[in-house]
Amino acid sequence: MKIEELVRKNIRDLTPYSSAMDDYQGSVNIKLDANENPFESDLNRYPDPYQKDLKSKISKLKGVSQENLFIGNGSDEIIDLIFRAFCEPNRDRALGFEPSYGMYKVSADINAVRYDTISLNEDFSLSADKLLAAVTENTKVIFVCSPNNPTGNVLNKNELEKVLNQFKGILVIDEAYMDFSNQNSWIKDLYRYPQLIVLQTLSKSYGLAGLRIGIGYCSDEIVQVLNKIKPPYNVNSFSQKAAIKGLENQADYKGQLNLIIKERERLIDFLKAIPDVLAVYPTETNFILVKFKEAKKVYNYLIADGIIVRDRSNMPGCAGCLRISVGTPAENKVIINKLMEYKA
Ligand SMILES: *Cc1c(COP(=O)(O)O)cnc(C)c1O
């Protein structure tokens with residue numbers, strides 16, 4: 001598969017912005033090329049446009065070479081850049097499934113790209129045949145989210161493999177929640193699939209949502225296309241530094257991750273015992289999708305105490321469902337007590 005042929009013509013032909021740092025990379029004694037304020041502080045210089053130190057850290061941690069990494073201002077920025085790179089407005093289409101993360105369609109709409117969807121099976125599993133049957137000649141990108149938000153489940157490896165082997169465009173696998181799961185990340189399979197983009201983020205398991213750091217793992221061809229169109233300084237220097245620090249602090253990260261997973265399992269057991277709960281869906285994330293007899297009433301009952309969960313009951317396949325994020329042990333205790341006291 002030729003990635004180049006999937007790229008929009010105007011992007012293929014584009015001469016990208018060339019920053020001062022692109023023009024000269026040798027050693028510097030006096031830096032007078034970027035109209036910066038010359039008085040040194042932590043922040044007077046422009047950030048590294050290619051985030052080399054951060055990529056080096058991620059590369060070692062994940063066993064993926066730096067040429068296969070793209071850092072975005074959150075994964076939401078990478079999602080937008082994928083549309084801009086591969087989808088011709090008002091002609092090309094993208095494809096995904098429902099229920100899933102809402103940003104794919106919003107980003108498609110902003111870019112004037114039609115976003116087609118199929119529905120997941122009743123147990124929230126994905127049928128590759130159904131997805132592939134919805135591919136049109138203009139379908140350039142498929143978005144899948146695994147573990148899926150808001151359902152919590154991981155998609156079957158063989159089904160995704162089938163999509164990868166048969167679809168002739170870009171496949172994005174959004175692994176925002178993979179750290180909470182026992183399954184292997186698709187980054188192990190990058191070398192087999194030049195058209196695969198795996199998205200991860202420091203916003204969930206690493207507790208760094210405020211930094212806005214999203215990671216795209218893909219072939220170097222795709223990295224080069226995304227580099228060409230990204231805002232030159234898309235990740236600020238404060239975030240680059242703080243992300244490296246966060247990644248270095250593996251002890252805290254692992255401690256919190258294990259506690260969240262332990263709390264999740266405890267929450268599931270309690271939720272299953274609550275009379276108004278009809279279903280607690282299997283989850284490999286830091287949230288739980290729960291089906292209630294009267295979701296809206298439960299939602300308002302919790303809101304009255306300032307406890308906010310996400311009402312997903314209007315999403316396809318999620319009637320009656322609230323999505324509850326795993327909190328601290330103390331917070332989880334409060335919500336469980338509240339729900340046990342709930343009377344319909
Ligand atoms: C939270 C979430 C993201 C957001 O990522 P950012 O890196 O914070 O932009 C991406 N994908 C899914 C499925 C999410 O739930």
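Colleague: How many bridges join β2 to β3, and which way do the two strands run?

Modeller: This is a predicted model, where local features need pLDDT of at least 70 and side-chain atom pairs count only at pLDDT 80 or more, while totals for chains, interfaces and linings use all residues. Residues are numbered from 1 along each chain as its sequence is written, and side-chain values use heavy atoms, with hydrogens and water left out. Strands (E, at least two residues) and helices (H or I, at least four) are DSSP runs numbered from the N terminus, and two strands pair if DSSP finds at least two bridges between them. Between β2 and β3, which run parallel, the number of bridges is six.

Colleague: Which residue of β3 stands opposite phenylalanine 97?

Modeller: Strands of a sheet pair through backbone hydrogen bonds, either parallel or antiparallel. β2 and β3 run parallel. In β3, the residue opposite phenylalanine 97 is isoleucine 118.

Colleague: Which are the edge strands of the seven-stranded sheet?

Modeller: The sheet is open and its pairing is mixed, with the order β1-β7-β6-β5-β4-β2-β3. An edge strand here pairs on one side only. The edge strands are β1 (69-73) and β3 (114-119).

Colleague: What angle does helix α9 make with β1?

Modeller: Helix α9 (residues 220-229) packs on the sheet and touches β1, β5 (170-174) and β6 (196-201); contact means heavy atoms within 4.5 Å. Axes are lines fitted to C-alpha atoms, for helices over the stretch in contact, and angles run from 0 to 180 degrees between N-to-C directions. The direction of α9 makes with that of β1 an angle of about 30°.

Colleague: What is the order of the four strands in the other open sheet?

Modeller: Strand β8 (residues 277-280) and strand β9 (residues 287-292) run antiparallel and are joined by three bridges. They form a hairpin with six residues between them. β10 and strand β11 (residues 321-325) also run antiparallel, with two bridges. The order of the sheet is β8-β9-β11-β10.

Colleague: Which residue in β11 is the bridge partner of arginine 310?

Modeller: Two bridges join β10 to β11. In β11, the partner of arginine 310 is arginine 323.

Colleague: Which side chain has a polar atom 2.6 Å from an oxygen atom of the ligand?

Modeller: A polar contact is a pair of N or O atoms within 3.5 Å; within protein, one must be able to donate a hydrogen and the other to accept it, and residues adjacent in sequence count only if both atoms are side-chain atoms. A polar backbone atom of aspartate 76 is 3.1 Å from a ligand oxygen. For an N or O atom in the side chain of lysine 204, the distance to a ligand oxygen is 3.2 Å. The side chain at 2.6 Å is that of threonine 201.

Colleague: How much of the ligand's accessible area does the protein cover?

Modeller: Accessible areas come from the Shrake-Rupley method with a 1.4 Å probe; for residues, only the protein chains shown count as cover. On its own, the ligand has 390 Å² of accessible area.
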